[in-house]
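Please look at the sequence and the coordinates first.

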Amino acid sequence: MINEDIIDAMVRMAKDAMQKAHAPYSGRKVGACVLASDGTLYGGCNVENASYGLTCCAERVAIFKAIADSKREFDAIAVVADTDEPCVPCGACCQVMAEFKIRDVIMANTKGDIEVADLMDLAPCATGKARNFQEA
Ligand code: THU
């Protein structure tokens, strides 16, 4: 399990990324931060589109940034939004987390509530490296 200082740093970066969201349709700004196993943090925000289905969530933007920077191993991801309860990732993002075996999921809101969950509890049916389906 990741330590408190790293959780705080990840939530802070996720909050910064949240400010950059492009969310004119839902009005819901979301930020994320993924921790690569070499210690590098990558922030991401949700990017919406006039064709709503093309929207990409903050978590996937953060993961894809890290992947495009050649990272393949990860320890954790954080997501934050201005919600009553800590923000829970959608099924599509959980599936992408499973692909890259990101098991520790930190869910937060801007009020300072933080919950940490195992991806396998959030999305027990997700398949990918986290499940032994794909070892590559
Ligand atoms: N959203 C995220 O970016 N991550 C989540 O975990 C929940 C949902 C975005 C998608 C859309 O732009 C907006 O929040 C409203 O659903």
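Alanine 81 is buried, with a relative accessible area of 0%. The model is a predicted one. Alanine 81 belongs to strand S3. Beyond its neighbours within four places in sequence, alanine 81 is in contact with Met18, Arg28, Lys29, Val30, Cys87, Ala108, Asn109 and Thr110. Glycine 43 sits 38 residues away along the chain, and its C-alpha atom is separated from that of alanine 81 by 13 Å.

**Asparagine 109**

Asparagine 109 is part of strand S4. Its relative accessibility is 0%, so asparagine 109 counts as buried, the limit being under 20%. The side chain of asparagine 109 makes polar contacts to backbone atoms: the oxygen of aspartate 84 at 3.0 Å and the nitrogen of lysine 111 at 3.2 Å. With neighbours within four places in sequence left aside, asparagine 109 is in contact with Lys15, Val80, Ala81, Thr83, Asp84, Glu85 and Pro86.

**The sheet and its helices**

In what order do the five strands of the open sheet run? The order is S2-S1-S3-S4-S5, with mixed pairing. S2 and strand S5 (114–118) stand at the edges; each has a single partner strand, so one side of each lacks a neighbour in the sheet. From one strand to the next, the twist averages 20°.

S1 and S3 are paired in the antiparallel sense, over seven bridges. Cysteine 33 has alanine 78 of S3 as its bridge partner.

Two helices lie across strands of this sheet. H1 lies across S1, S2, S3, S4 and S5, and runs at about 140° to S1. H2 lies across S1, S2 and S3, and runs at about 140° to S2.

**The ligand**

Which residues surround the ligand? They are Ser26, Arg28, Val30, Asn46, Glu48, Thr55, Cys57, Ala58, Glu59, Cys87, Val88 and Pro89. Arg28, Val30 and Cys87 are also among the contacts of alanine 81.

| Residue | Protein atom | Distance to a ligand oxygen atom |
|---|---|---|
| Asparagine 46 | polar side-chain atom | 2.9 Å |
| Alanine 58 | polar backbone atom | 2.9 Å |
| Valine 88 | backbone N or O atom | 3.5 Å |

**Aromatic pairs**

How many aromatic pairs does a search of the whole structure find? It finds two. Tyrosine 25 and tyrosine 52 form a tilted pair, at 5.5 Å centre to centre and 40° between the planes. Tyrosine 25 lies in the loop between helix H1 (4–18) and strand S1 (30–36), and tyrosine 52 in the loop between strand S2 (41–45) and helix H2 (58–68), so the pair ties together parts that are 27 residues apart in sequence. Tyrosine 25 has 40% relative accessibility and counts as partly exposed. Tyrosine 52 is exposed, at a relative accessible area of 57%.

Phenylalanine 74 and phenylalanine 100 form an edge-to-face pair, at 6.2 Å centre to centre and 80° between the planes. This pair links distant parts of the chain, 26 residues apart: phenylalanine 74 is in strand S3 (residues 74–81), and phenylalanine 100 is in the loop between helix H3 (91–99) and strand S4 (104–109). Are these two phenylalanines buried or exposed? Both phenylalanine 74 and phenylalanine 100 are buried.

Terms used. Residues numbered from 1 in each chain as written. Predicted model: local features only at pLDDT ≥ 70, side-chain atom pairs only at ≥ 80, totals over all residues. Heavy atoms only, no water. Phe/Tyr/Trp six-rings, centres within 6.5 Å; stacked < 30°, edge-to-face > 60°. Helix = DSSP H or I, 4+ residues; strand = E, 2+ residues; numbered from the N terminus. Buried < 20%, exposed > 50% of the residue type's maximum accessible area, 1.4 Å probe, protein only. Pairing = 2+ DSSP bridges. Axes fitted to C-alpha atoms, helices over the stretch in contact; angles between N-to-C directions. Contact = heavy atoms within 4.5 Å. Near = heavy atom within 4 Å. Polar contact = N/O pair within 3.5 Å; in protein donor to acceptor, adjacent residues only side chain to side chain.
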